[in-house]
Structures are given as structure tokens and as C-alpha cells.
Amino acid sequence: MKAVQYRRVGSSPEVVDVDIPEPGPGEILLKVDAAGMCHSDLAVMGWPAEQFPYRLPLTLGHEGVGTISAFGPGRHRYSEGDRVAVYGPWGCGLCRMCSYGKENYCRYAGRMGINPPGLGAPGAMAEYLLVDDERHLVPLGDLDPVEAAPLTDAGLTPYHAIKKSLPKLVPGSTAAVIGAGGLGHVGIQLLRALTSAQVVAMDINDQKMELAERVGAHRTIRSDDSAPEAVSELTDGKGAEAVFDFVGNAATTRIASRCVTTEGEIAIVGVGEGTIPVGFGTLPFEAAVSAPYWGTRGELMELLELAGHGSVRVHVDSFPLEETPQVYERFHHGEIAGRAVIVP
Ligand code: NAD
Ligand code: ZN
């Protein structure tokens with residue numbers, strides 16, 4: 001089968017031929033219908049050799065939707081031909097976090113050699129994907145597979161971050177979204193669907209700012225040093241009750257820390273290595289900062305329900321698998337608005 005692999009640190013991903021995997025006990029083989037392209041893939045391919053945590057070659061793609069094609073030995077609840085979304089942050093399945101469905105926060109998976117597809121295990125940018133366990137699958141229902149694939153991360157990650165801040169996002173509140181890319185443009189829609197907050201989106205790219213407006217941001221602001229002042233003006237000098245930083249670099253975390261209000265919350269979702277110091281005189285009183293990772297299995301189910309009602313739609317551009325290396329190149333240059341989705 002064809003697969004998109006990152007083969008050597010520092011080199012571009014390649015389309016290669018590999019064997020179709022055989023499902024072992026408890027495993028499921030999916031025929032991949034669609035795989036989303038995440039900025040985290042670019043981050044992974046930017047890591048230096050001495051820091052690189054995964055074995056190479058690595059088949060990319062941690063946002064996957066597929067149709068069940070075969071089962072390994074054992075009893076199964078799904079049937080061949082079922083269309084499913086893949087919950088990506090695979091945990092050990094048995095610890096307390098996993099039993100809460102918070103496999104994204106399993107403390108054992110890493111040391112047990114359990115990795116998410118595309119982030120250690122062979123990923124979804126291939127004709128077939130091997131899934132560890134049936135519990136990682138969520139039925140897709142009538143959702144379009146290409147639009148649904150990014151929900152498993154570009155949707156789930158903002159959903160998880162936003163859900164935690166819902167108690168703060170009461171009528172009259174403001175939510176700021178920094179970075180209206182793959183995650184951010186879904187985050188804006190989730191904020192509109194789940195809250196009555198004023199949604200202020202920031203980006204540095206005109207095309208992304210237009211998309212932010214189209215998907216429901218009440219206001220868009222250029223993300224520069226003057227952004228906190230603009231947020232202040234839009235909130236009668238108060239600031240935002242919740243700030244979602246989908247970039248997370250030094251510039252955006254600075255903006256986030258200057259936009260948040262007293263008792264507000266900042267979620268640093270982007271992995272741009274920005275940090276926010278907390279202590280007296282740094283942030284408004286009781287402002288809280290967190291760095292959430294992905295989301296829970298239950299939240300993926302909730303999100304697919306929400307998408308089923310049409311409350312959130314990923315803006316997608318789809319490409320054949322053979323073109324993936326060039327699409328990564330365009331993505332790297334900021335030329336993809338919404339999400340690029342690979343269709344093997
Ligand atoms: P993306 O490239 O689709 O979107 C990033 C957006 O940020 C783009 O619209 C870009 O124009 C904008 N941007 C860049 N610099 C900016 C700045 N200084 N101010 C405002 N906007 C700026 O990326 P994505 O796939 O949405 O991923 C976003 C980030 O989230 C990445 O760092 C990714 O690695 C990370 N991520 C984290 C998790 C998690 O679990 N925490 C999960 C998925 C992705
Ligand atoms: Zn991702």
C-alpha cells in the first residue's frame with residue numbers, strides 16, 4: 001500500500017510502498033477514508049535528531065477516519081464496513097485517567113511503548129491503518145469523512161480546551177482566539193455553538209482572518225503588539241475571560257497574558273515554546289494558565305454529535321495521497337486555510 005513517511009530527520013516526507021499490516025489479537029484494520037494534516041506534523045519534522053523521540057521511518061497522520069476492513073482474532077462489537085473516526089491519544093486503557101476516558105493524560109502509555117498513530121505508531125496517511133483496540137473507534141454516522149477527519153484533533157483539541165472554560169464564558173464575556181488556522185477556525189465555531197461570549201479572533205494572515213469572520217468570529221484583530229489594546233477596547237477595558245492561544249509562541253503568549261482579565265483563563269494550545277510567568281504583578285489576580293493536550297474519548301463522541309447537528313464544520317481542502325509532500329510544503333508556508341485533508 002502507499003503511505004506517507006517521514007524517513008530521515010530533516011528530510012521531506014515521502015510517498016512510499018509498504019506492506020498492508022496484519023491485525024493481531026484485538027486489533028482492527030481500517031481502510032483509510034481521510035487523514036488530516038496538522039501543524040504538529042511540521043513541529044515533529046522540525047525536531048533535531050538528538051531530540052527525536054520516535055522510530056523512523058514514521059508513517060504520518062494522527063487525524064484519521066476509515067472503514068473497518070478486517071479484525072484480528074477476538075470478539076468485536078463493530079462490523080466490517082462500519083465507518084469510524086479514530087481517537088488518537090491512545091493510553092494504557094487501564095489506569096485511572098484511561099478509565100475516565102482521558103487517555104490523552106495516561107501516564108503509562110509512553111513508557112509502555114504505546115503511541116498515537118502518526119506520532120510514534122504508523123499513522124493514517126496511508127491506504128490502511130492498524131488500530132490498537134476497538135475502544136479507540138467512534139462511529140461516524142452520516143458525517144462526511146473528509147470533513148470529519150480533522151475533528152479528531154483540530155476539533156477535539158479546541159473542544160477540550162473550550163469545554164473547561166465554559167463556566168467563565170457567560171453572557172457578556174469575551175473569548176479571544178489567537179491563531180485562526182486548523183484548530184482556531186474550529187475553536188471559533190465551538191465558542192459560537194457552546195457559548196454566548198463575544199468571540200475575538202487574531203491572526204497575522206489576511207486569508208485566515210477572513211476565514212475567522214466567515215466561521216463566526218464577531219471581531220478579527222491583527223495579532224501584533226497593539227492587539228491587547230484592541231481587545232481592551234472591545235471589552236470596556238476589561239479583557240477576555242478566556243484566551244485560547246493556538247500558536248503558543250513567545251509573541252502570542254505575550255499577547256495572551258496581556259488580554260486576559262481577572263479570574264480569566266489562558267489555554268496555551270499551540271506548541272510554539274512560548275511561556276507565561278505567573279506570580280504577583282504578572283497577570284491579573286487569579287488568572288490561570290494551562291497547557292492542555294488533545295481531548296478525551298467522551299469529548300470526541302460529544303463533538304461528533306455536535307458536528308452531526310451541523311453546529312461545526314471544518315473548512316477542508318482535500319488532496320490525493322501522492323501530493324502530500326507538496327501539500328506539507330504549502331502548509332509550511334501558511335498557504336492552507338482551514339485544514340488540508342489527504343484522501344488515499
Ligand atoms: P495552523 O498552521 O493550521 O494554524 C496556525 C495559525 O496561526 C495560522 O492561521 C497562522 O497564520 C496563525 N499564526 C501564526 N503566527 C501567528 C501569530 N504570531 N499570531 C496570531 N496568529 C498566528 O496550525 P494548527 O494545525 O491549527 O495547529 C496550531 C498549533 O496547535 C500548532 O502549534 C500545533 O502543533 C498545536 N497543536 C496542539 C495540540 C495540543 O494538543 N495541544 C493539538 C494539535 C495541534
Ligand atoms: Zn495534531
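Helices (H or I, at least four residues) and strands (E, at least two) are taken as DSSP runs and numbered from the N terminus. In the predicted model, the protein chain contains ten helices and 16 strands. Its radius of gyration is 20 Å, close to the 20 Å given by the globule rule for 344 residues, so the chain is as compact as a globular protein of that length. The C-alpha trace of the protein chain spans about 60 × 40 × 35 Å along its principal axes. Of the 344 residues, 50% are buried. Among contacts between residues at least 6 apart in sequence, 69% join residues at least 24 apart.

One open sheet consists of three strands in the order 2-1-4, with antiparallel pairing. Strand 2 (14-17) and strand 4 (58-59) are at the edges and each has a single partner strand, so one side of each is left without a neighbour in the sheet. The antiparallel pairing of strand 1 (residues 2-6) with strand 2 extends over four bridges; V4 has V15 in strand 2 as its bridge partner.

Ligand 1 is surrounded by 33 residues, of which H39, G179, G181, G182 and S223 are the closest. Two or more residues of this shell come from each of helix 1 (39-44), helix 5 (182-194), strand 10 (198-203) and helix 8 (250-259). The shell around ligand 1 comprises 16 nonpolar, 14 polar and three charged residues.

Key: Residues are numbered from 1 along each chain as its sequence is written. Chains are lettered from A and ligands numbered from 1 in the order in which they are written. This is a predicted model: local features need pLDDT of at least 70, side-chain atom pairs count only at pLDDT 80 or more; totals for chains, interfaces and linings use all residues. A residue is near a molecule or strand if its C-beta atom, placed from the backbone, lies within 6 Å of it. Ala, Val, Leu, Ile, Met, Phe, Trp, Tyr, Cys and Pro count as nonpolar, Asp, Glu, Lys and Arg as charged, and the others, Gly among them, as polar. The radius of gyration is taken over C-alpha atoms; the globule rule is 2.2 Å times the number of residues to the power 0.38. A residue is buried if 20 or more other C-beta atoms lie within 10 Å of its own, exposed if 12 or fewer, and partly exposed in between; C-beta atoms are placed from the backbone. Two residues are in contact if their C-beta atoms, placed from the backbone, lie within 7 Å. Two strands pair if DSSP finds at least two bridges between them.
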